[in-house]
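We will go from stop to stop.

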Amino acid sequence: MTRPPQGQRMLAFRVLLLTGLALMAGSFFAPMWWVSLTAPNYPQETYPDGVRIHMHWTHVANGCRGEEREEVEDEIGLDCVEEMNTINHYIGMEPIESGAQLELKAAPALFIVFGLMAAAALFYAGSLWWLLPLPAMLLPFAFVADFAFWLWWFGHNLREWAAFTVKPFMPTVLGEGLVAQFSTFSYPHYGMAISLASALCIALAILIRRKQLQEEAGG
């Protein structure tokens with residue numbers, strides 16, 4: 001079987017790496033994860049998706065639709081970040097905005113640095129070239145690990161001012177769970193799919209480039 005010419009390998013490497021970087025940039029502006037709580041006192045006609053929030057790289061966003069509360073006049077929509085903070089307060093959990101403050105602030109700079117490092121691999125072929133695109137490739141896995149850590153932290157640092165006492169617990173990272181009378185749902189959003197596609201493109205680019213450099217070194 002004839003091996004692909006080195007020029008074709010280099011083209012494939014560049015296309016995959018640049019595609020991965022474009023997808024990585026797209027994931028920065030997309031919601032990565034969503035979490036929702038449902039309970040009988042949050043009727044479906046008002047909260048069709050439950051009390052839902054969206055996790056982004058730089059902030060936590062309201063995931064509720066634009067329905068209005070019956071008791072609220074004017075055009076004030078539902079704010080499920082505030083609503084979830086209220087629910088969490090009853091069991092002694094800190095407000096959502098108290099978590100991952102450093103990561104949320106650092107995310108824009110990290111994306112720029114990791115993107116530039118990966119782009120530098122287009123021009124650098126030294127012995128440790130593969131370290132340049134590696135951080136960009138690991139971004140979606142770092143998000144999940146950090147998300148899981150902060151869920152653990154919230155569930156194990158319950159405060160004494162809780163109106164409803166529960167034992168320290170690990171909130172559900174992926175799937176469905178139950179906390180007191182609340183059903184919990186936690187799943188990746190479309191931003192995670194974009195981020196994983198980015199990681200796959202970058203991983204394939206690394207493998208192709210590695211093969212190319214090995215063949216060039218072997219003559």
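Where does Gln-8 lie? Gln-8 is in helix 1; helices (H or I, at least four residues) and strands (E, at least two) are DSSP runs, numbered from the N terminus. Before moving on, note that this is a predicted model, in which local features need pLDDT of at least 70, side-chain atom pairs count only at pLDDT 80 or more, and totals for chains, interfaces and linings use all residues. Residues are numbered from 1 along each chain as its sequence is written, and side-chain values use heavy atoms, with hydrogens and water left out.

**Gln-8 and Ser-36**

Stay on Gln-8. It is partly exposed, with a relative accessible area of 49%. The classes are buried (under 20% relative accessible area), exposed (over 50%) and partly exposed in between, using a 1.4 Å probe and protein chains only. Gln-8 and Ser-36 are 28 residues apart in sequence, and their C-alpha atoms are 47 Å apart in space.

**Arg-52**

Arg-52 is buried, yet has no salt bridge. A salt bridge is a side-chain nitrogen of Lys or Arg within 4 Å of a carboxyl oxygen of Asp or Glu. The nearest side chain of opposite charge, Asp-49, is 4.7 Å away. For charge, Lys and Arg count as positive and Asp and Glu as negative; His and the chain ends are not counted.

**Ala-100 and helix 3**

Next, select Ala-100, in the loop between helix 2 (80-90) and helix 3. Its phi is near 55 degrees, a positive value in a residue other than glycine. Ala-100 is buried, at 11% relative accessible area.

Follow the chain into helix 3 (residues 101-120). A kink of about 50 degrees lies at Ala-107, shortly before Pro-108; the bend is the angle between axes fitted to the seven residues ending there and the seven starting there. Colour the buried residues of helix 3: Ala-107, Phe-111, Phe-114, Gly-115 and Ala-118. Their cover includes helix 1 (6-28), helix 4 (134-137) and helix 5 (139-156).

**The hairpin**

Finish on strand 4 (residues 175-179) and strand 5 (residues 182-188), which run antiparallel and are joined by five bridges. Strands pair if DSSP finds at least two bridges between them. Select Gly-175 and its bridge partner in strand 5, Ser-186. Two residues lie between the strands of this hairpin, where Ala-180 takes a positive phi near 55 degrees.

Note on methods: The expected span of a helix is 1.5 Å times one less than its number of residues. Contact means heavy atoms within 4.5 Å.
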